Amino acid sequence: MNLRFTEEQEMMRKMVRDFAEAEIAPFVEKMEEDGEFPRGILKKMAELGLMGITIPEEYGGAGMDFTSYIIAINELSKVSATVGVILSVHTSVGTNPILYFGTEEQKKKYVTKLASGEYLGAFCLTEPSSGSDAGSLKTRAVLKDDHYILNGSKVFITNGGEADTYIVYASTNPELGTKGISAFIVEKDTPGFIIGKDEHKMGLHGSRTVQLTFEEAKVPVENLLGAEGEGFKNAMSNLDVGRIGIAAQSLGIAEAALEAAVAYAKERAQFGKPIAAQQGVGFKLADMATAVEAAKLLVYRAANLRSKGFPCGKEASIAKLFASKTAMEVATEAVQIFGGYGYTKDYPVERFFRDAKVCEIYEGTSEIQRLVISKHLLK
Ligand code: CAA
């Protein structure tokens, strides 16, 4: 595997890093405090082409490779994991399903707007009683004349309430189990589509997470995405790729936590010398750096496979499992190195700690990643 980034990818890294430091960093504290959705930041990201990095130019995107997209998520998440997840969900599970499985009309109607940032995308699979067991979802879609009538509810919908289009999974034939699940593109102002309660989360303040309800929601028949019954497989193959985005988000959090811990350990003196010079702290930093480097290799290996069009489901799950665990461990150690100060909101490490936790939960818990990896090993 060639681990060197191309000139184009390095340019992407520098552009996103500069943007995040100049345009996102000044607002991070405010987003944390008031939980305001970063509309202004997303608008600027759209102007830079970041809302459709991998979308082909013919559909209004930047037409860049997958690794460039992962670099962007990685760099954004170092400054704000909130902005990282908004872009990851918008792209990998909010836009790509239409690009991969949509008709030409659907791509022209929706992908162009999603890629330009005029629209924001969301993905609706999880329900109150079906999280890890996604195939047991209960939302129903019944064809009636030229509409599907949707009834049911969804939970933990990232970008919910802010998004313009929602990829919604519902059963068109419950007797067939996962083979009866179909996907739909639901527009935000669809009659019977109700945005519900906002979740008050431990972290990722600024990213919106809501409950959704469908009460006789009328979705035009032309908004069926892919064939009836193919929704589950399509969702799974999308998540294969989406998980690399969450792995990159995790990596960004871990890198930021390590950087903060190194800087603080050099500056904070106890017992007459910087705490970095105490072996207990120096060894912690060494272990943190080792884990971060290993996570980086796994994230970019999965991205590289995807960029070259190779299957990457196992590698994506391995990258997400390891990078999210690394984010949690490195953020925990960073708080420890900061001591009492790390437990306050005066320093960013408590935010990294809170933001890291969800990376082990969403887009498939760590336990689900292990299940996916072991299925690959045993097949
Ligand atoms: N690609 C293509 N097809 C796949 C697939 C994949 N990766 N994984 C499974 N399938 C197919 C199978 O081949 C099978 O079809 P056949 O019978 O024709 O072979 C069908 O789907 C059913 O597969 P399984 O029997 O393996 O399915 P399962 O019910 O046992 O579930 C699971 C598998 C991996 C546990 C799955 O339910 C899963 O991934 N659960 C986690 C859900 C999840 O990640 N949710 C995230 C929500 S989105 C989110 O979090 C976004 C956010 O806000 C950040």
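1. Where does UniProt place the feature "domain: Acyl-CoA dehydrogenase/oxidase N-terminal"? The unreviewed entry puts this feature at residues 6–118. UniProt positions follow the numbering used here, feature names are shortened, and annotations may be inferred rather than shown by experiment. Over residues 6–118 the chain is 73% helix and 0% strand. The end C-alpha atoms of that span are 29 Å apart. Helices (H or I, at least four residues) and strands (E, at least two) are DSSP runs, numbered from the N terminus.

2. Basis of the model. This is a predicted model: local features need pLDDT of at least 70, side-chain atom pairs count only at pLDDT 80 or more, and totals for chains, interfaces and linings use all residues. Residues are numbered from 1 along each chain as its sequence is written.

3. Confidence. For the complex, the predictor gives an ipTM of 0.97 and a pTM of 0.97. Where pLDDT is low, the predicted coordinates should not be read in detail.

4. Overall build. The protein chain holds 11 helices and 10 strands. Its radius of gyration is 21 Å, close to the 21 Å that the globule rule gives for 379 residues, so the chain is as compact as a globular protein of that length. The radius is taken over C-alpha atoms, and the rule is 2.2 Å times the number of residues to the power 0.38. Along the principal axes, the C-alpha trace spans about 80 × 45 × 45 Å. Buried residues make up 54% of the 379. A residue is buried if 20 or more other C-beta atoms lie within 10 Å of its own, exposed if 12 or fewer, and partly exposed in between, with C-beta atoms placed from the backbone.

5. Ligand shell. There are 25 residues around the ligand, and Gly135, Thr158, Met236, Tyr362 and Gly364 come nearest. A residue counts as near if its C-beta atom, placed from the backbone, lies within 6 Å. Helix H4 (81–93), helix H7 (231–267) and helix H11 (366–378) each supply at least two residues of the shell. H7 gives the most, with 6 residues. By class, the shell has 13 nonpolar, 8 polar and 4 charged residues. Ala, Val, Leu, Ile, Met, Phe, Trp, Tyr, Cys and Pro count as nonpolar, Asp, Glu, Lys and Arg as charged, and the others, Gly among them, as polar.

6. Pairing around E3. Two strands pair if DSSP finds at least two bridges between them. Strand E2 (residues 140–144) runs antiparallel to E3, with 5 bridges. Arg140 has Asn151 in E3 as its bridge partner. The E2–E3 hairpin has 2 residues between the strands, and Asp145 takes a positive phi near 55° in it. E3 also pairs with E7 in the antiparallel sense, over 9 bridges. Here Lys154 stands opposite Leu212 in E7.

7. Pairing around E5. Strand E5 (residues 181–187) is mostly covered, with 6 of its 7 residues buried. E4 and E5 run antiparallel, joined by 7 bridges. The partner of Ile167 in E5 is Ile185. E5 also pairs with strand E8 (residues 224–225), in the antiparallel sense over 2 bridges. Ala183 has Leu225 in E8 as its bridge partner.

8. Backbone points to check. Most residues other than glycine have a negative phi. Asn159 has a positive phi near 70°. Asn159 sits in the loop between strand E3 (147–158) and strand E4 (165–171). Asn159 counts as buried because it has 25 C-beta neighbours inside 10 Å. Glu216 is not a glycine either, and its phi is positive, about 55°. Glu216 lies in strand E7 (residues 209–220). With 13 other C-beta atoms within 10 Å, Glu216 is partly exposed.

9. Is Lys320 buried or exposed? Lys320 is buried, because 35 other C-beta atoms lie within 10 Å. Lys320 belongs to helix H9 (residues 313–338). Glu47 is 273 residues from Lys320 along the chain, and their C-alpha atoms are separated by 29 Å.
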